[in-house]
4 protein chains.
Amino acid sequence: MDYFFELRMKVRDYECDLQGIVNNAIYQHYTEHTRNEFLRSRLEGMEDLHERGIDTVVARLEMQFKAPLHPGDEFLCGLNVRKEGLKYIFDQDIVRLKDEKICVKATTTVVCLVNGRLGDYEALHALLPKE
Amino acid sequence: MDYFFELRMKVRDYECDLQGIVNNAIYQHYTEHTRNEFLRSRLEGMEDLHERGIDTVVARLEMQFKAPLHPGDEFLCGLNVRKEGLKYIFDQDIVRLKDEKICVKATTTVVCLVNGRLGDYEALHALLPKE
Amino acid sequence: MDYFFELRMKVRDYECDLQGIVNNAIYQHYTEHTRNEFLRSRLEGMEDLHERGIDTVVARLEMQFKAPLHPGDEFLCGLNVRKEGLKYIFDQDIVRLKDEKICVKATTTVVCLVNGRLGDYEALHALLPKE
Amino acid sequence: MDYFFELRMKVRDYECDLQGIVNNAIYQHYTEHTRNEFLRSRLEGMEDLHERGIDTVVARLEMQFKAPLHPGDEFLCGLNVRKEGLKYIFDQDIVRLKDEKICVKATTTVVCLVNGRLGDYEALHALLPKE
(Lines give C-alpha, C1' and ligand atoms only; values in the text may rest on other atoms or scores of the structure.)
Protein backbone atom coordinates (compact mmCIF):
# COMPACT_ATOMS: atom_id res chain seq x y z
CA MET A 1 0.00 0.00 0.00
CA ASP A 2 1.12 3.52 -0.77
CA TYR A 3 0.59 6.25 1.78
CA PHE A 4 1.07 10.00 1.52
CA PHE A 5 2.48 10.09 5.07
CA GLU A 6 3.54 7.35 7.50
CA LEU A 7 4.45 7.22 11.16
CA ARG A 8 6.00 4.22 12.92
CA MET A 9 5.18 3.46 16.55
CA LYS A 10 5.37 0.60 19.03
CA VAL A 11 2.64 -0.57 21.39
CA ARG A 12 3.20 0.40 25.02
CA ASP A 13 1.98 -2.06 27.67
CA TYR A 14 -0.21 0.54 29.37
CA GLU A 15 -2.17 0.96 26.13
CA CYS A 16 -3.41 -2.63 26.42
CA ASP A 17 -6.44 -3.61 28.44
CA LEU A 18 -7.88 -6.60 30.28
CA GLN A 19 -8.08 -8.64 27.07
CA GLY A 20 -4.30 -8.35 26.58
CA ILE A 21 -4.64 -6.27 23.41
CA VAL A 22 -4.60 -2.56 22.58
CA ASN A 23 -7.79 -0.88 23.80
CA ASN A 24 -10.03 0.30 20.94
CA ALA A 25 -9.96 3.98 21.92
CA ILE A 26 -6.15 3.94 21.80
CA TYR A 27 -6.28 3.31 18.04
CA GLN A 28 -8.14 6.62 17.80
CA HIS A 29 -5.24 8.23 19.69
CA TYR A 30 -2.78 6.67 17.22
CA THR A 31 -4.68 8.07 14.22
CA GLU A 32 -4.98 11.52 15.86
CA HIS A 33 -1.27 11.60 16.68
CA THR A 34 -0.39 10.64 13.10
CA ARG A 35 -2.62 13.37 11.64
CA ASN A 36 -1.04 15.94 13.96
CA GLU A 37 2.49 14.88 13.05
CA PHE A 38 1.48 15.13 9.40
CA LEU A 39 0.06 18.63 9.97
CA ARG A 40 3.23 19.69 11.80
CA SER A 41 5.36 18.45 8.89
CA ARG A 42 3.36 20.41 6.27
CA LEU A 43 1.92 23.45 7.89
CA GLU A 44 4.05 26.43 8.71
CA GLY A 45 2.89 28.31 11.77
CA MET A 46 0.55 25.48 12.84
CA GLU A 47 1.25 26.29 16.48
CA ASP A 48 -0.42 29.69 16.29
CA LEU A 49 -3.34 28.77 14.01
CA HIS A 50 -5.64 28.90 17.02
CA GLU A 51 -4.47 32.43 17.95
CA ARG A 52 -5.28 33.49 14.39
CA GLY A 53 -8.86 32.25 14.81
CA ILE A 54 -8.45 29.01 12.85
CA ASP A 55 -9.31 25.61 14.32
CA THR A 56 -9.35 22.17 12.75
CA VAL A 57 -12.08 19.98 14.20
CA VAL A 58 -13.01 16.31 13.77
CA ALA A 59 -16.63 16.13 12.63
CA ARG A 60 -16.96 12.44 11.93
CA LEU A 61 -15.09 9.16 12.33
CA GLU A 62 -15.45 5.61 11.07
CA MET A 63 -13.25 2.76 12.26
CA GLN A 64 -13.09 -0.92 11.34
CA PHE A 65 -11.27 -3.20 13.76
CA LYS A 66 -9.85 -6.13 11.79
CA ALA A 67 -7.10 -7.59 13.95
CA PRO A 68 -5.62 -6.64 17.32
CA LEU A 69 -2.21 -5.24 18.24
CA HIS A 70 -0.41 -6.91 21.16
CA PRO A 71 2.13 -5.57 23.70
CA GLY A 72 5.39 -4.66 22.02
CA ASP A 73 4.02 -4.88 18.45
CA GLU A 74 5.56 -2.44 16.01
CA PHE A 75 3.20 -0.82 13.55
CA LEU A 76 2.87 2.03 11.12
CA CYS A 77 -0.01 4.39 10.72
CA GLY A 78 -0.34 5.33 7.05
CA LEU A 79 -2.37 8.33 5.91
CA ASN A 80 -3.94 9.59 2.71
CA VAL A 81 -5.97 12.79 2.46
CA ARG A 82 -8.51 14.20 0.00
CA LYS A 83 -10.82 17.21 -0.10
CA GLU A 84 -14.61 17.12 -0.60
CA GLY A 85 -16.12 20.59 -0.54
CA LEU A 86 -15.04 22.10 2.76
CA LYS A 87 -14.16 18.71 4.27
CA TYR A 88 -10.71 17.18 4.55
CA ILE A 89 -11.06 13.39 4.60
CA PHE A 90 -8.24 11.35 6.06
CA ASP A 91 -8.04 7.63 5.23
CA GLN A 92 -5.71 5.91 7.66
CA ASP A 93 -4.55 2.33 8.14
CA ILE A 94 -2.82 0.86 11.15
CA VAL A 95 -0.52 -1.85 9.84
CA ARG A 96 1.27 -4.42 12.02
CA LEU A 97 4.84 -4.54 10.76
CA LYS A 98 5.76 -8.17 11.42
CA ASP A 99 3.17 -9.54 8.98
CA GLU A 100 1.90 -6.38 7.18
CA LYS A 101 -1.60 -7.14 8.45
CA ILE A 102 -4.00 -4.18 8.40
CA CYS A 103 -5.34 -4.08 11.97
CA VAL A 104 -7.52 -0.97 11.78
CA LYS A 105 -8.94 1.13 8.95
CA ALA A 106 -10.12 4.63 9.90
CA THR A 107 -11.76 7.45 7.96
CA THR A 108 -11.81 10.82 9.70
CA THR A 109 -13.58 13.94 8.45
CA VAL A 110 -11.96 17.18 9.52
CA VAL A 111 -13.41 20.64 8.98
CA CYS A 112 -11.94 24.05 9.46
CA LEU A 113 -13.51 26.67 11.70
CA VAL A 114 -12.55 30.27 10.96
CA ASN A 115 -13.54 32.46 13.89
CA GLY A 116 -15.92 29.73 15.02
CA ARG A 117 -17.70 29.26 11.67
CA LEU A 118 -17.29 26.53 9.09
CA GLY A 119 -14.89 27.94 6.55
CA ASP A 120 -11.90 27.33 4.37
CA TYR A 121 -8.30 28.21 5.05
CA GLU A 122 -6.07 28.39 2.05
CA ALA A 123 -2.90 27.26 3.81
CA LEU A 124 -4.53 23.89 4.47
CA HIS A 125 -4.26 23.17 0.76
CA ALA A 126 -0.62 22.43 1.51
CA LEU A 127 -1.96 19.21 3.05
CA LEU A 128 -3.19 17.85 -0.24
CA PRO A 129 -1.11 15.81 -2.68
CA LYS A 130 0.14 17.76 -5.68
CA GLU A 131 -1.52 16.59 -8.87
CA MET B 1 -35.20 10.82 23.76
CA ASP B 2 -35.89 7.37 25.13
CA TYR B 3 -33.00 5.04 25.86
CA PHE B 4 -32.98 1.39 26.84
CA PHE B 5 -30.11 2.04 29.27
CA GLU B 6 -28.51 5.24 30.58
CA LEU B 7 -25.40 6.07 32.57
CA ARG B 8 -24.62 9.47 34.09
CA MET B 9 -21.05 10.72 34.33
CA LYS B 10 -19.12 13.94 34.83
CA VAL B 11 -16.14 15.15 32.82
CA ARG B 12 -12.82 14.86 34.66
CA ASP B 13 -10.22 17.56 33.94
CA TYR B 14 -7.59 15.03 32.85
CA GLU B 15 -9.91 13.87 30.05
CA CYS B 16 -9.64 17.30 28.42
CA ASP B 17 -6.86 18.24 26.06
CA LEU B 18 -5.00 21.29 24.79
CA GLN B 19 -8.16 22.74 23.28
CA GLY B 20 -9.84 22.80 26.71
CA ILE B 21 -12.47 20.23 25.74
CA VAL B 22 -12.82 16.46 26.11
CA ASN B 23 -10.42 14.65 23.77
CA ASN B 24 -12.22 12.79 20.97
CA ALA B 25 -10.90 9.35 21.94
CA ILE B 26 -12.29 9.80 25.45
CA TYR B 27 -15.84 9.78 24.04
CA GLN B 28 -15.05 6.28 22.76
CA HIS B 29 -14.08 5.35 26.34
CA TYR B 30 -17.39 6.76 27.60
CA THR B 31 -19.40 4.69 25.12
CA GLU B 32 -17.37 1.54 25.91
CA HIS B 33 -17.83 2.01 29.65
CA THR B 34 -21.58 2.49 29.20
CA ARG B 35 -21.88 -0.69 27.10
CA ASN B 36 -19.95 -2.65 29.71
CA GLU B 37 -22.09 -1.35 32.56
CA PHE B 38 -25.15 -2.31 30.51
CA LEU B 39 -23.73 -5.81 29.93
CA ARG B 40 -22.96 -6.19 33.64
CA SER B 41 -26.53 -5.20 34.52
CA ARG B 42 -28.08 -7.78 32.15
CA LEU B 43 -25.74 -10.66 31.80
CA GLU B 44 -25.31 -13.19 34.54
CA GLY B 45 -21.84 -14.65 34.71
CA MET B 46 -20.39 -12.02 32.39
CA GLU B 47 -17.10 -12.12 34.30
CA ASP B 48 -16.32 -15.67 33.24
CA LEU B 49 -17.61 -15.48 29.65
CA HIS B 50 -14.02 -15.39 28.44
CA GLU B 51 -13.12 -18.54 30.41
CA ARG B 52 -16.03 -20.27 28.70
CA GLY B 53 -14.61 -19.40 25.27
CA ILE B 54 -16.96 -16.49 24.55
CA ASP B 55 -15.70 -13.03 23.65
CA THR B 56 -17.57 -9.93 22.57
CA VAL B 57 -15.56 -7.86 20.11
CA VAL B 58 -16.08 -4.44 18.51
CA ALA B 59 -15.96 -4.85 14.74
CA ARG B 60 -16.93 -1.38 13.61
CA LEU B 61 -17.56 2.10 14.96
CA GLU B 62 -19.03 5.35 13.66
CA MET B 63 -18.99 8.58 15.62
CA GLN B 64 -20.31 12.07 14.88
CA PHE B 65 -18.94 14.90 16.99
CA LYS B 66 -21.60 17.61 17.21
CA ALA B 67 -20.63 19.70 20.24
CA PRO B 68 -17.87 19.49 22.84
CA LEU B 69 -17.99 18.66 26.55
CA HIS B 70 -16.04 20.98 28.88
CA PRO B 71 -14.36 20.38 32.28
CA GLY B 72 -16.93 19.59 34.95
CA ASP B 73 -19.83 19.07 32.51
CA GLU B 74 -22.34 16.45 33.58
CA PHE B 75 -23.68 14.20 30.86
CA LEU B 76 -25.50 10.97 30.25
CA CYS B 77 -24.64 8.24 27.79
CA GLY B 78 -27.87 6.70 26.48
CA LEU B 79 -27.90 3.34 24.71
CA ASN B 80 -30.22 1.40 22.45
CA VAL B 81 -29.40 -2.02 20.99
CA ARG B 82 -30.69 -4.08 18.07
CA LYS B 83 -29.67 -7.31 16.36
CA GLU B 84 -28.88 -7.74 12.65
CA GLY B 85 -27.93 -11.31 11.82
CA LEU B 86 -25.02 -12.13 14.11
CA LYS B 87 -24.30 -8.47 14.86
CA TYR B 88 -25.37 -6.52 17.91
CA ILE B 89 -25.64 -2.85 17.00
CA PHE B 90 -25.47 -0.25 19.77
CA ASP B 91 -26.74 3.26 19.08
CA GLN B 92 -25.43 5.62 21.73
CA ASP B 93 -25.80 9.34 22.41
CA ILE B 94 -23.72 11.47 24.72
CA VAL B 95 -26.03 14.18 26.04
CA ARG B 96 -24.88 17.26 27.98
CA LEU B 97 -27.27 17.59 30.91
CA LYS B 98 -27.36 21.35 31.39
CA ASP B 99 -28.94 21.98 27.97
CA GLU B 100 -29.84 18.46 26.72
CA LYS B 101 -27.58 19.01 23.73
CA ILE B 102 -26.47 15.81 21.95
CA CYS B 103 -22.68 16.14 21.84
CA VAL B 104 -21.76 12.80 20.24
CA LYS B 105 -23.69 10.13 18.35
CA ALA B 106 -22.01 6.72 18.11
CA THR B 107 -22.96 3.45 16.42
CA THR B 108 -20.92 0.45 17.48
CA THR B 109 -21.13 -3.03 15.93
CA VAL B 110 -20.29 -5.85 18.31
CA VAL B 111 -19.91 -9.49 17.35
CA CYS B 112 -19.55 -12.60 19.42
CA LEU B 113 -16.63 -14.97 19.07
CA VAL B 114 -17.21 -18.52 20.31
CA ASN B 115 -13.88 -20.28 20.65
CA GLY B 116 -12.37 -17.68 18.35
CA ARG B 117 -14.96 -18.00 15.56
CA LEU B 118 -17.83 -15.70 14.69
CA GLY B 119 -20.86 -17.21 16.37
CA ASP B 120 -23.95 -16.64 18.40
CA TYR B 121 -24.41 -16.97 22.12
CA GLU B 122 -27.95 -17.38 23.31
CA ALA B 123 -27.46 -15.62 26.65
CA LEU B 124 -26.71 -12.39 24.76
CA HIS B 125 -30.37 -12.28 23.74
CA ALA B 126 -30.96 -11.01 27.27
CA LEU B 127 -29.44 -7.75 25.98
CA LEU B 128 -32.27 -7.10 23.57
CA PRO B 129 -35.48 -5.24 24.42
CA LYS B 130 -38.48 -7.51 24.96
CA GLU B 131 -41.06 -7.09 22.23
CA MET C 1 -10.84 7.03 58.92
CA ASP C 2 -11.98 10.64 58.84
CA TYR C 3 -11.46 12.70 55.71
CA PHE C 4 -11.96 16.39 55.08
CA PHE C 5 -13.36 15.64 51.61
CA GLU C 6 -14.40 12.39 49.89
CA LEU C 7 -15.31 11.38 46.36
CA ARG C 8 -16.83 8.03 45.36
CA MET C 9 -15.99 6.44 42.02
CA LYS C 10 -16.17 3.07 40.28
CA VAL C 11 -13.42 1.40 38.28
CA ARG C 12 -14.00 1.47 34.51
CA ASP C 13 -12.77 -1.53 32.53
CA TYR C 14 -10.59 0.61 30.24
CA GLU C 15 -8.63 1.80 33.30
CA CYS C 16 -7.36 -1.75 33.86
CA ASP C 17 -4.33 -3.16 32.13
CA LEU C 18 -2.87 -6.50 31.06
CA GLN C 19 -2.67 -7.70 34.65
CA GLY C 20 -6.44 -7.34 35.05
CA ILE C 21 -6.12 -4.56 37.64
CA VAL C 22 -6.18 -0.76 37.58
CA ASN C 23 -2.99 0.60 35.98
CA ASN C 24 -0.77 2.43 38.49
CA ALA C 25 -0.87 5.78 36.66
CA ILE C 26 -4.68 5.75 36.80
CA TYR C 27 -4.53 6.02 40.60
CA GLN C 28 -2.69 9.30 40.05
CA HIS C 29 -5.60 10.41 37.83
CA TYR C 30 -8.05 9.46 40.61
CA THR C 31 -6.18 11.55 43.19
CA GLU C 32 -5.89 14.51 40.79
CA HIS C 33 -9.60 14.37 39.96
CA THR C 34 -10.48 14.28 43.67
CA ARG C 35 -8.26 17.29 44.43
CA ASN C 36 -9.86 19.22 41.58
CA GLU C 37 -13.40 18.38 42.71
CA PHE C 38 -12.39 19.50 46.20
CA LEU C 39 -10.99 22.78 44.81
CA ARG C 40 -14.17 23.37 42.79
CA SER C 41 -16.28 22.83 45.91
CA ARG C 42 -14.30 25.36 47.98
CA LEU C 43 -12.87 27.94 45.70
CA GLU C 44 -15.01 30.63 44.19
CA GLY C 45 -13.86 31.73 40.77
CA MET C 46 -11.50 28.76 40.38
CA GLU C 47 -12.18 28.66 36.64
CA ASP C 48 -10.54 32.04 36.03
CA LEU C 49 -7.62 31.70 38.48
CA HIS C 50 -5.31 31.12 35.52
CA GLU C 51 -6.52 34.32 33.79
CA ARG C 52 -5.71 36.22 36.97
CA GLY C 53 -2.12 34.94 36.88
CA ILE C 54 -2.51 32.25 39.53
CA ASP C 55 -1.63 28.60 38.91
CA THR C 56 -1.59 25.63 41.26
CA VAL C 57 1.16 23.18 40.36
CA VAL C 58 2.11 19.72 41.65
CA ALA C 59 5.72 19.83 42.82
CA ARG C 60 6.07 16.40 44.35
CA LEU C 61 4.22 13.12 44.75
CA GLU C 62 4.61 9.97 46.82
CA MET C 63 2.44 6.90 46.35
CA GLN C 64 2.30 3.54 48.12
CA PHE C 65 0.49 0.74 46.31
CA LYS C 66 -0.92 -1.65 48.92
CA ALA C 67 -3.66 -3.59 47.15
CA PRO C 68 -5.14 -3.47 43.64
CA LEU C 69 -8.56 -2.35 42.44
CA HIS C 70 -10.33 -4.66 39.98
CA PRO C 71 -12.88 -3.99 37.21
CA GLY C 72 -16.17 -2.73 38.61
CA ASP C 73 -14.79 -2.11 42.14
CA GLU C 74 -16.36 0.84 43.93
CA PHE C 75 -14.01 3.01 45.94
CA LEU C 76 -13.70 6.36 47.62
CA CYS C 77 -10.83 8.77 47.45
CA GLY C 78 -10.51 10.55 50.80
CA LEU C 79 -8.49 13.75 51.19
CA ASN C 80 -6.94 15.75 53.99
CA VAL C 81 -4.93 18.93 53.49
CA ARG C 82 -2.40 20.89 55.54
CA LYS C 83 -0.10 23.86 54.92
CA GLU C 84 3.68 23.92 55.43
CA GLY C 85 5.17 27.29 54.55
CA LEU C 86 4.10 27.99 50.99
CA LYS C 87 3.24 24.31 50.33
CA TYR C 88 -0.21 22.73 50.42
CA ILE C 89 0.17 19.06 51.27
CA PHE C 90 -2.65 16.68 50.34
CA ASP C 91 -2.83 13.27 52.03
CA GLN C 92 -5.13 11.00 50.06
CA ASP C 93 -6.29 7.41 50.47
CA ILE C 94 -7.99 5.25 47.87
CA VAL C 95 -10.28 2.91 49.80
CA ARG C 96 -12.06 -0.12 48.29
CA LEU C 97 -15.63 0.04 49.55
CA LYS C 98 -16.52 -3.64 49.75
CA ASP C 99 -13.93 -4.37 52.46
CA GLU C 100 -12.68 -0.87 53.45
CA LYS C 101 -9.17 -1.88 52.39
CA ILE C 102 -6.79 1.02 51.74
CA CYS C 103 -5.45 0.28 48.25
CA VAL C 104 -3.29 3.37 47.69
CA LYS C 105 -1.86 6.09 49.94
CA ALA C 106 -0.72 9.27 48.20
CA THR C 107 0.91 12.48 49.41
CA THR C 108 0.94 15.33 46.92
CA THR C 109 2.68 18.67 47.39
CA VAL C 110 1.05 21.57 45.58
CA VAL C 111 2.48 25.06 45.29
CA CYS C 112 0.99 28.25 44.01
CA LEU C 113 2.55 30.27 41.21
CA VAL C 114 1.58 33.94 41.09
CA ASN C 115 2.55 35.39 37.72
CA GLY C 116 4.94 32.46 37.27
CA ARG C 117 6.71 32.83 40.64
CA LEU C 118 6.32 30.78 43.79
CA GLY C 119 3.90 32.73 45.95
CA ASP C 120 0.91 32.63 48.19
CA TYR C 121 -2.68 33.32 47.33
CA GLU C 122 -4.93 34.21 50.19
CA ALA C 123 -8.09 32.67 48.75
CA LEU C 124 -6.41 29.24 48.91
CA HIS C 125 -6.69 29.42 52.69
CA ALA C 126 -10.34 28.49 52.15
CA LEU C 127 -8.96 25.00 51.41
CA LEU C 128 -7.73 24.47 54.93
CA PRO C 129 -9.78 23.04 57.80
CA LYS C 130 -11.03 25.63 60.26
CA GLU C 131 -9.39 25.24 63.64
CA MET D 1 24.33 12.14 33.27
CA ASP D 2 25.04 8.47 32.76
CA TYR D 3 22.17 6.03 32.59
CA PHE D 4 22.17 2.24 32.50
CA PHE D 5 19.30 2.28 29.98
CA GLU D 6 17.70 5.07 27.94
CA LEU D 7 14.58 5.39 25.82
CA ARG D 8 13.77 8.34 23.54
CA MET D 9 10.19 9.46 23.01
CA LYS D 10 8.25 12.46 21.76
CA VAL D 11 5.26 14.10 23.43
CA ARG D 12 1.94 13.35 21.72
CA ASP D 13 -0.67 16.14 21.76
CA TYR D 14 -3.29 13.91 23.43
CA GLU D 15 -0.95 13.47 26.42
CA CYS D 16 -1.27 17.19 27.20
CA ASP D 17 -4.06 18.63 29.26
CA LEU D 18 -5.94 21.89 29.76
CA GLN D 19 -2.78 23.68 30.89
CA GLY D 20 -1.09 22.95 27.55
CA ILE D 21 1.55 20.69 29.11
CA VAL D 22 1.93 16.94 29.64
CA ASN D 23 -0.47 15.72 32.35
CA ASN D 24 1.34 14.59 35.50
CA ALA D 25 0.05 11.00 35.38
CA ILE D 26 1.45 10.60 31.85
CA TYR D 27 4.98 10.95 33.24
CA GLN D 28 4.23 7.84 35.31
CA HIS D 29 3.25 6.08 32.06
CA TYR D 30 6.56 7.18 30.48
CA THR D 31 8.57 5.76 33.39
CA GLU D 32 6.56 2.51 33.38
CA HIS D 33 7.02 2.09 29.62
CA THR D 34 10.76 2.68 29.95
CA ARG D 35 11.09 0.09 32.74
CA ASN D 36 9.17 -2.44 30.67
CA GLU D 37 11.31 -1.84 27.58
CA PHE D 38 14.36 -2.27 29.80
CA LEU D 39 12.96 -5.54 31.20
CA ARG D 40 12.19 -6.79 27.69
CA SER D 41 15.76 -6.03 26.60
CA ARG D 42 17.31 -7.96 29.52
CA LEU D 43 14.98 -10.70 30.53
CA GLU D 44 14.57 -13.81 28.47
CA GLY D 45 11.08 -15.27 28.64
CA MET D 46 9.65 -12.17 30.24
CA GLU D 47 6.37 -12.74 28.44
CA ASP D 48 5.60 -15.95 30.30
CA LEU D 49 6.88 -14.89 33.76
CA HIS D 50 3.27 -14.53 34.90
CA GLU D 51 2.40 -18.08 33.74
CA ARG D 52 5.33 -19.34 35.80
CA GLY D 53 3.90 -17.69 38.93
CA ILE D 54 6.23 -14.69 38.95
CA ASP D 55 4.95 -11.10 39.02
CA THR D 56 6.82 -7.82 39.34
CA VAL D 57 4.79 -5.25 41.23
CA VAL D 58 5.30 -1.56 41.97
CA ALA D 59 5.18 -1.07 45.74
CA ARG D 60 6.13 2.58 46.00
CA LEU D 61 6.75 5.64 43.87
CA GLU D 62 8.20 9.11 44.37
CA MET D 63 8.14 11.80 41.70
CA GLN D 64 9.44 15.36 41.59
CA PHE D 65 8.05 17.61 38.88
CA LYS D 66 10.68 20.22 38.01
CA ALA D 67 9.72 21.53 34.57
CA PRO D 68 6.97 20.68 32.09
CA LEU D 69 7.10 19.01 28.69
CA HIS D 70 5.12 20.69 25.88
CA PRO D 71 3.46 19.28 22.74
CA GLY D 72 6.02 17.91 20.31
CA ASP D 73 8.92 18.01 22.80
CA GLU D 74 11.46 15.22 22.38
CA PHE D 75 12.80 13.68 25.57
CA LEU D 76 14.64 10.70 26.93
CA CYS D 77 13.81 8.64 29.94
CA GLY D 78 17.03 7.46 31.58
CA LEU D 79 17.09 4.60 34.08
CA ASN D 80 19.41 3.26 36.76
CA VAL D 81 18.63 0.29 38.99
CA ARG D 82 19.92 -1.02 42.32
CA LYS D 83 18.91 -3.78 44.74
CA GLU D 84 18.12 -3.31 48.44
CA GLY D 85 17.17 -6.59 50.10
CA LEU D 86 14.29 -7.95 48.07
CA LYS D 87 13.55 -4.56 46.48
CA TYR D 88 14.60 -3.38 43.04
CA ILE D 89 14.86 0.40 43.07
CA PHE D 90 14.67 2.26 39.77
CA ASP D 91 15.92 5.85 39.59
CA GLN D 92 14.59 7.50 36.45
CA ASP D 93 14.95 10.97 34.93
CA ILE D 94 12.85 12.47 32.17
CA VAL D 95 15.15 14.81 30.26
CA ARG D 96 13.98 17.33 27.63
CA LEU D 97 16.36 16.99 24.71
CA LYS D 98 16.45 20.53 23.35
CA ASP D 99 18.02 21.97 26.51
CA GLU D 100 18.94 18.83 28.56
CA LYS D 101 16.66 20.06 31.34
CA ILE D 102 15.58 17.37 33.84
CA CYS D 103 11.78 17.70 33.87
CA VAL D 104 10.89 14.83 36.22
CA LYS D 105 12.85 12.68 38.67
CA ALA D 106 11.18 9.41 39.72
CA THR D 107 12.14 6.65 42.13
CA THR D 108 10.12 3.46 41.82
CA THR D 109 10.34 0.46 44.15
CA VAL D 110 9.52 -2.86 42.51
CA VAL D 111 9.16 -6.17 44.31
CA CYS D 112 8.82 -9.68 43.02
CA LEU D 113 5.90 -11.92 43.92
CA VAL D 114 6.51 -15.64 43.56
CA ASN D 115 3.18 -17.47 43.64
CA GLY D 116 1.63 -14.42 45.27
CA ARG D 117 4.23 -14.04 48.05
CA LEU D 118 7.09 -11.59 48.36
CA GLY D 119 10.12 -13.44 47.08
CA ASP D 120 13.22 -13.33 44.96
CA TYR D 121 13.70 -14.53 41.43
CA GLU D 122 17.24 -15.20 40.38
CA ALA D 123 16.75 -14.27 36.71
CA LEU D 124 15.97 -10.70 37.79
CA HIS D 125 19.63 -10.33 38.76
CA ALA D 126 20.22 -9.91 35.01
CA LEU D 127 18.69 -6.46 35.51
CA LEU D 128 21.51 -5.23 37.68
CA PRO D 129 24.72 -3.61 36.42
CA LYS D 130 27.72 -5.93 36.45
CA GLU D 131 30.29 -4.81 38.98
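Take B:Ile94: apart from neighbours within four places in sequence, B:Ile94 is in contact with B:Tyr27, B:Tyr30, B:Phe75, B:Cys77, B:Cys103 and B:Val104. Contact here means that the C-beta atoms of two residues, placed from the backbone, lie within 7 Å. A:Ile94 and B:Ile94 have the most contacts inside the largest nonpolar core, which has 56 residues. Another core, of 54 residues, lies apart from that one, and includes C:Leu69, C:Cys77, D:Cys103 and D:Leu127. A nonpolar core is a set of buried Ala, Val, Leu, Ile, Met, Phe, Trp, Tyr and Cys residues joined through C-beta atoms within 7 Å. A residue counts as buried with 20 or more other C-beta atoms within 10 Å of its own, as exposed with 12 or fewer, and as partly exposed in between, the C-beta atoms being placed from the backbone. As background, nonpolar side chains tend to be buried together in soluble globular proteins.

Some conventions. This is a predicted model, in which local features need pLDDT of at least 70 and side-chain atom pairs count only at pLDDT 80 or more, while totals for chains, interfaces and linings use all residues. Residues are numbered from 1 along each chain as its sequence is written, and chains are lettered from A and ligands numbered from 1 in the order in which they are written.

Now the helix. Helix H1 of chain B has 19 residues and reaches 28 Å from its first C-alpha to its last, close to the 27 Å expected at 1.5 Å a residue. The expected span is 1.5 Å times one less than the number of residues. Helices (H or I, at least four residues) and strands (E, at least two) are DSSP runs, numbered from the N terminus. Which residues of H1(B) are buried? They are B:Asn24, B:Ala25, B:Ile26, B:Tyr27, B:Gln28, B:His29, B:Tyr30, B:Thr31, B:Glu32, B:Thr34, B:Arg35 and B:Phe38. In chain A, helix H1 (residues 24-42) also has 19 residues and a reach of 28 Å.

Next, how chains A and B meet. 13 residues of chain B are in contact with 13 residues of chain A. On the chain B side, helix H1 (24-42) and strand S2 (54-65) each supply at least two residues. The largest share, eight residues, comes from S2(B). By type, the chain B side divides into six nonpolar, four polar and three charged residues. Nonpolar here covers Ala, Val, Leu, Ile, Met, Phe, Trp, Tyr, Cys and Pro, charged covers Asp, Glu, Lys and Arg, and the others, Gly among them, are polar.

S2 of chain A (residues 54-65) and S2(B) run antiparallel and are joined by five bridges. Strands pair if DSSP finds at least two bridges between them. The bridge partner of A:Glu62 in S2(B) is B:Glu62.

Superposition is by least squares on the C-alpha atoms of residues with pLDDT of at least 70 in both copies. Of the contact residues of chain B, 100% recur in chain A.

Chain D against chain A is the other contact I want to cover. Nine residues from chain D and nine residues from chain A take part. The chain D side has one nonpolar, four polar and four charged residues. Chain D superposes on chain A by a rotation of 180° with 0.0 Å of shift along its axis (RMSD 0.0 Å). D:Met9 is the residue of chain D that comes closest to that axis, at 5.1 Å (C-alpha). The copies meet through the same surface, because 100% of the interface residues of chain D are also interface residues in chain A.

Last, the strands of chain C. S1(C) (residues 5-10) and S3(C) (residues 74-84) pair in the antiparallel sense over six bridges, and C:Met9 stands opposite C:Phe75. S3(C) is joined to S4(C) (residues 87-96) by 10 bridges, again antiparallel. C:Glu84 has C:Lys87 as its bridge partner. The hairpin of S3(C) and S4(C) has two residues between the strands, and C:Gly85 takes a positive phi near 60° there.
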